[in-house]
Amino acid sequence: MSESSDRYAGLTFPFGLSRGVGEADGKAVKVAESIMGVRHSLPFALDHVNCWVLGEPGNQVLIDTGADTPNTRKLWQDNLPHSCSGSGAPRPAALLVTHFHPDHMGLAGWFAEQGVTLLGSAIETDFSRLLWNIEDQTYADFYAQWYASNGLPEATISAVRQNANTYKKLVHQPPEASSWSHLKEGETVNLGGHDYQVLVGRGHAPDMLMLYRESDHVLIAADQVLPSITPNVSVMPRIQDANPLLSFLDSLAKLRQLPEDTLVLPSHGAPFTGLWARLDALNHHHEQRLAEVLDACNEPRSAYELFGVLFRRELDAQQTSFALGESLAHLHYLEANGDLSRIERNGVASFVRA
Ligand SMILES: [Zn+2]
């Protein structure tokens, strides 16, 4: 994910411009009727995630879990029964996970063991199980191969070869396929006593669930629209979508049909209104990046050689894989558009203006 230059233009933050929702980890704050926000810290550069609790104790639905860390487990144990109006049920009735990323479904298996009903996308939950079950060596080799074929330096490739299955580190054993009730785009579900329309965002994850409450224009946006960072849009190993940037921009276009006064509840950052302005800014960001990538490809360039164009800062190990995925996403978009052609130089995929 990257900072956008004109951040916050046209946005308002009804609960203040806090880092995430609320002021402290695990303390629930009301953000709309029957919706509480709960923030959890994360052990990587993106330092927190917002989860949501819909409904009242006795009939609560949790949206996303945070990563599987001792701190997150403890915060849920300590705070969940009191998260809405006073004490009540010992656990939520159901958990809905938006997508397979560790910060969103890290504790799905843990909640399942406590008898919580599970709701999610079939594509996302199947993918989580697939990824979690890959042997450490196979996982590392796959990344090393992906890095090598896209021109990353030898030192980065040998470093990634030492990695284990990094997905597994922050995710409790995922529940079996049969444990899930699957939600589909367009259906309406009653969660915690209110109706929500299921929307799907693509490009950041293959089939990420969002929820829209029409009665008062509330969007639980997962990672599709964030107030201050642009969601990572990546070509990733093992994910079938070869043109995720097109999928992402298509999903933004669909959200443009929601009312302008929609209250957006993002998974990272503070709740905001100004959906249309944010969608426009995200579109603009990618248009600019595409133009810069195309310019840089007057000479053949590998995805790695574009890091300097796309990311003007140091990248840590996790950010390197995001950066490669994001660089490829822009290259594939331009290739599919007929603007770039793919050539191979010494086993490295490169792209040049068509
Ligand atoms: Zn995500």
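Select Tyr139 and Tyr143, which are both buried, meaning under 20% relative accessible area with a 1.4 Å probe and protein chains only. The model is predicted, so local features need pLDDT of at least 70 and side-chain atom pairs count only at pLDDT 80 or more, while totals for chains, interfaces and linings use all residues. Residues are numbered from 1 along each chain as its sequence is written, and side-chain values use heavy atoms, with hydrogens and water left out.

Both tyrosines, Tyr139 and Tyr143, belong to helix H5 (residues 136-148), four residues apart, about one turn of the helix; helices here are DSSP runs of H or I with at least four residues, strands are E runs of at least two, and both are numbered from the N terminus. Rings of Phe, Tyr and Trp (its six-membered ring) pair if their centres lie within 6.5 Å, with planes under 30 degrees apart counted as stacked, over 60 as edge-to-face and the rest as tilted.

Next, go to the whole structure, where a search finds twelve aromatic pairs. One of them joins Phe13 and Phe272, a tilted pair at 6.4 Å centre to centre with 50° between the planes. Phe13 lies in the loop between strand S1 (2-3) and strand S2 (29-32), and Phe272 in the loop between strand S14 (263-266) and H9, 259 residues apart.

Finally, select Arg238, whose charged end sits over the ring of Phe142, 3.9 Å from its centre.

Note on methods:
Buried < 20%, exposed > 50% of the residue type's maximum accessible area, 1.4 Å probe, protein only. Lys NZ or Arg CZ within 6 Å of the ring centre and 35° of its normal.
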